[in-house]
Amino acid sequence: MALKRILTLLLLMAVMILPLQGATVSFLVIETGLRDDRKANEYSVLWESSLMDVFFEEGHIVSNSPSLHLAQKTDKELPDEAMADLSGAIDGGVDYFILALLDFPAVAGGKVQKPGDISLRLYKTRPYQFLYEERYAGRNNNNMKDEFARVKQTVRRLIPHING
C-alpha cells in the first residue's frame, strides 16, 4: 500500500515538473485590394478559421484581432497598420504573432473574390524577431471543403517553427 502511494506521488510530481507544451499565439488577417464597403470575404473567414483550428488542435492558446482591410499591398514586412495589434499582443504576454496577408486581385463586378497571393508570417514577440514565412498560391477551387483542408495543411507548416 505504501509503495502504491509513493508511486502515485512520484507520478504526480513528474507531471507537475514537465513543462507545458502550449504557447500563446495571436494572429491578424489583413486583406488588400478589396473595397471597404463590403462584408468579410469568405476566404478571409476561411483563413481565420484555419489558423484558430490548427493552433488550438496543437494545444496552443490562440487569440485573434479583427481583420484589417488595406487598399493596396505593402512592401513592408510588417505593415504599419498591424503595429497596434502586434503591440497589444506583446503587452498581453503572447509568445508568437502570425500575420496572414491576403492579396485580392482587382475584379470588376460583384463576384466573390479569391485571394491570389497569400503570405503567412510568423514572429516571436519576446524578443521581437521574424521567424518564418509561408506562401500559398490561391487556386480556382470551387469546393470550399477541399480549400479548407488545403489551407489547414499550409497553416500546419508553421507549427514546427513554434518552440512551445
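Visitor: Which strands each supply at least two residues of the lining of the largest cavity?

Guide: Rolling a probe the size of a water molecule over the atoms shows where empty space is left. Here, strand E4 (96-103) and strand E5 (117-125) each supply at least two lining residues, and E5 gives the most, with three. This is a predicted model: local features need pLDDT of at least 70, side-chain atom pairs count only at pLDDT 80 or more, and totals for chains, interfaces and linings use all residues. Residues are numbered from 1 along each chain as its sequence is written, and side-chain values use heavy atoms, without hydrogens and water.

Visitor: Which residues line the largest cavity?

Guide: The lining consists of Thr32, Lys73, Thr74, Leu101, Asp103, Asp117, Ser119, Arg121 and Arg135. A cavity is a set of points on a 1 Å grid over the protein atoms alone where a 1.4 Å probe fits but cannot get out; lining residues have an atom within 4 Å of a point.

Visitor: Which residues of helix H2 are buried?

Guide: Buried means under 20% relative accessible area, exposed over 50% (1.4 Å probe, protein chains only). In H2 the buried residues are Tyr43, Ser44, Leu46, Trp47, Ser50, Leu51, Val54 and Phe55. Seen down the axis of H2, they fall within an arc of 155° (taken from the directions from the helix axis to the C-beta atoms), so they line one face of the helix. The face turned away from this buried side carries the exposed residues Phe56 and Glu57.

Note on methods
1 Å grid on protein atoms, 1.4 Å probe; cavity = no way out; pocket = protein on both sides within 12 Å on 5 of 7 lines; lining within 4 Å. Helix = DSSP H or I, 4+ residues; strand = E, 2+ residues; numbered from the N terminus.
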